[in-house]
Amino acid sequence: MEAESGFKEKRAYPRLNISIPISCIEPNSKTTVNAYTHDISKQGIGILCEKELPQGASLEVYIKMIDNGEIISAKGTVVWSIAANENKFRIGIRLEDKQIEPIPLALRTIRSQANVRFSGRPLDA
């Protein structure tokens, strides 16, 4: 899709804006970075974190679902990293081998957040 500005979208899959807790581990240094997803697609995750990760870094990614604590793991590579402000970085991660299903993840997150907000009674009761 090309916008009026001449920008052409290069992503193969659309991204969903959703905030889910995530941990990224650099296998070589064993450094763990805790962050939140900014957006997510079948083959990529945008995160917001307090540590810059170098472009090309290999990562083990662990998404912690807020509805039941399930950990969804994948491997990925940092494809870009930019400063969002003086204390935060936006980082793009391309997932390797394993494609995740972003719509069910987003729906589970939204449902769980709604249950917390309206905690008097579950939405499905």
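Aspartate 39 is buried, at 5% relative accessibility, where buried means under 20% relative accessible area, exposed over 50% and partly exposed in between (1.4 Å probe, protein chains only). The side chain of aspartate 39 meets that of arginine 90 in a salt bridge, with N and O 3.7 Å apart. A salt bridge here is a side-chain nitrogen of Lys or Arg within 4 Å of a carboxyl oxygen of Asp or Glu.

This is a predicted model, in which local features need pLDDT of at least 70 and side-chain atom pairs count only at pLDDT 80 or more, while totals for chains, interfaces and linings use all residues. Residues are numbered from 1 along each chain as its sequence is written, and side-chain values use heavy atoms, with hydrogens and water left out.

**Overall layout**

- The protein has one helix and seven strands; helices (H or I, at least four residues) and strands (E, at least two) are DSSP runs, numbered from the N terminus.
- Along the sequence, these elements follow the pattern β-β-β-β-β-β-β-α.
- Of the 125 residues in the protein, 34% are buried.
- The accessible surface comes to about 8100 Å², and carbon and sulfur atoms account for 51% of this surface; the areas come from the Shrake-Rupley method with a 1.4 Å probe, and for residues only the protein chains shown count as cover.
- Among contacts with a separation of 6 or more, 53% are between residues 24 or more positions apart; contact means heavy atoms within 4.5 Å.

**Salt bridges**

- Side chains of opposite charge can pair when their charged atoms come close.
- The structure holds seven salt bridges.
- One of them joins aspartate 39 to arginine 90.
- Aspartate 39 lies in strand β3 (residues 31-40) and arginine 90 in strand β7 (residues 89-96), so this pair ties together parts that are 51 residues apart in sequence.
- Lysine 42 pairs with glutamate 101, and their closest N and O atoms are 3.1 Å apart.
- Lysine 42 is in the loop between β3 and β4, and glutamate 101 is in the loop between β7 and α1 (102-117), so the pair ties together parts that are 59 residues apart in sequence.
- Glutamate 101 is partly exposed, at 43% relative accessibility.

**Glutamate 26 and its surroundings**

- Glutamate 26 forms a salt bridge with lysine 51, with 3.8 Å between the closest N and O atoms.
- This pair links distant parts of the chain, 25 residues apart: glutamate 26 is in strand β2 (residues 21-26), and lysine 51 is in the loop between β4 (44-49) and β5 (58-64).
- Glutamate 26 is buried, with a relative accessible area of 13%, whereas lysine 51 is partly exposed, at 34%.
- Not counting residues up to four places away in sequence, glutamate 26 touches Thr31, Lys51, Leu53, Pro54, Ala57, Ser58 and Leu59.

**Glutamate 50**

- Glutamate 50 lies in the loop between β4 and β5 and is exposed, at 61% relative accessibility.
- Neighbours within four places in sequence aside, glutamate 50 is in contact with Asn87, Lys88 and Phe89.
- The side chains of glutamate 50 and lysine 88 make a polar contact at 3.4 Å; a polar contact is a pair of N or O atoms within 3.5 Å, where within protein one must be able to donate a hydrogen and the other to accept it, and residues adjacent in sequence count only if both atoms are side-chain atoms.
- The C-alpha atoms of glutamate 50 and alanine 35 are separated by 7.5 Å, with the two residues 15 apart along the chain.

**Serine 81**

- Serine 81 is in strand β6 (residues 71-83).
- Leaving out residues up to four places away in sequence, serine 81 touches Glu52, Leu53, Arg90 and Ile91.
- The side chain of serine 81 reaches the backbone oxygen of leucine 53 at 3.5 Å.
- Serine 81 and glycine 92 are eleven residues apart along the chain, and their C-alpha atoms are separated by 6.4 Å.

**Cysteines**

- The structure holds zero disulfides; a disulfide is a pair of cysteine sulfur atoms within 2.5 Å.
- The closest cysteine sulfur to that of cysteine 24 is in cysteine 49, and at 7.0 Å it is too far for a bond.
- Cysteine 24 is buried, at 1% relative accessibility, and cysteine 49 is buried with a relative accessible area of 1%.
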